[in-house]
Amino acid sequence: MTDTSRLRARRTLLYVPGSDWRKMEKAAGLGADCVCLDLEDGVAPSSKPEARNLIAKALSELDFGMSERLVRVNAADSGIQAEDLALASHPNLQGMVLPKAASAAEVQAVGARLREAELERRLAPNTLSLLAQIESAMGLVDLKDIANADEHLVALIFGSEDFASDVGAIRTQEADEIFHARSAVVTYAAAFGLQAIDMLHVNFKDGEGLARLAAQGARLGYSGMQIVHPDQIAPVLAAFTPSAEEISWAQRVVDAYEQHAAEGRGAFALDGKMIDMPLVKAAQRVLARAGKAQQ
Ligand code: COA
Ligand code: MG
């Protein structure tokens, strides 16, 4: 297991159609935590062969800075995934996103290809990352097996629109109809030590709605969110990066805890609020997230 790829911040995961050179060029310089060069639903079927070539060229020629360089392959049942997986051999690829993950076997198939690529590229085991998208009824039903399927897996991604369509839900702004799935994905991710990346807001001109959704995702325990447009980076980054007030509160809680623990005391009061272990752990998580944000 490589701690660097497991621990890196994945607050903003920006999709870019692999068939659109202009957008890939642009995406390279936006400072998103992850840039996901897409071969799946963002690319028309007739453009997929060209998109594979353009992605290889982008990985070779563009400077993505600190952004993680990911490729989203087509789904296991698409019949064309093997051609997409060839990109794992590219020396600049850092990870792959598997859409519509519906079983452990699908995740393991991509994991095996990443292992092969690691051998070819003389990389340590599990240097390459795998992120699985949960966006179908079967994906939700198989969550436990999927989350535990392969050592390359670093994150689960909740695909709200495909999920809603698969179960026949009607999407609303309140998003009640997908709340169970959204909450399940973050729970299984936590149970298996994975990051959780939240749904996207398709209405990319609605900054207010995006900020609300991102804040809700952060409260649920998600570590980041999918995005489709450059304007979505700043609001999402803000929601998933602890504020100065949150950091200073968390530091006070941890300091006070350490002092009380040294004196052999458990629960204690701080600013009129009872602090015990769950709150201390939450404060430690805030500090860990703040540390990651600075890397
Ligand atoms: N990555 C990088 N740059 C992007 C971008 C993205 N995802 N989306 C938009 N841009 C760029 C545009 O190229 C444009 O730059 P330019 O004027 O310098 O060329 C600028 O940002 C403003 O774009 P705008 O005109 O507001 O949007 P658009 O009409 O060009 O594109 C979408 C709108 C939705 C088609 C586009 O945002 C997009 O392709 N998003 C990703 C879609 C995707 O991958 N879907 C599959 C996963 S869900
Ligand atoms: Mg999808």
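Mentor: Asp 162 is partly exposed, at 27% relative accessible area. Buried means under 20%, exposed over 50%, and partly exposed in between, with a 1.4 Å probe and protein chains only.

Trainee: Where do Glu 135 and Asp 162 lie?

Mentor: Glu 135 is in the loop between strand S5 (129-134) and helix H6 (137-141), and Asp 162 is in helix H8 (residues 160-167), so the pair ties together parts 27 residues apart in sequence. Helices (H or I, at least four residues) and strands (E, at least two) are DSSP runs, numbered from the N terminus.

Trainee: Is Glu 135 buried or exposed?

Mentor: Glu 135 is buried, with a relative accessible area of 4%.

Trainee: What should I know about the model itself?

Mentor: It is predicted: local features need pLDDT of at least 70, side-chain atom pairs count only at pLDDT 80 or more, and totals for chains, interfaces and linings use all residues. Residues are numbered from 1 along each chain as its sequence is written, chains are lettered from A and ligands numbered from 1 in the order written, and side-chain values use heavy atoms, without hydrogens and water.

Trainee: On to ligand 1. Which residues come nearest?

Mentor: Tyr 15, Arg 22, Lys 26, Val 228 and His 229, out of 16 around ligand 1. Near means a heavy atom within 4 Å.

Trainee: Which atom of ligand 1 does the Lys 26 side chain approach?

Mentor: An oxygen atom of ligand 1 is 2.7 Å from an N or O atom in that side chain. Backbone N or O atoms of Tyr 15 and Val 228 each lie 2.8 Å from a nitrogen atom of ligand 1.

Trainee: How much of ligand 1 does the protein bury?

Mentor: The protein buries 64% of the 890 Å² that ligand 1 exposes when taken alone. Those areas come from the Shrake-Rupley method with a 1.4 Å probe.

Trainee: New topic. Which domains are assigned?

Mentor: Domain 1 (4-239) and domain 2 (244-293). Their centres, taken over C-alpha atoms, are 33 Å apart.

Notes:
A polar contact is a pair of N or O atoms within 3.5 Å; within protein, one must be able to donate a hydrogen and the other to accept it, and residues adjacent in sequence count only if both atoms are side-chain atoms. Domain bounds come from an automatic or database domain assignment.
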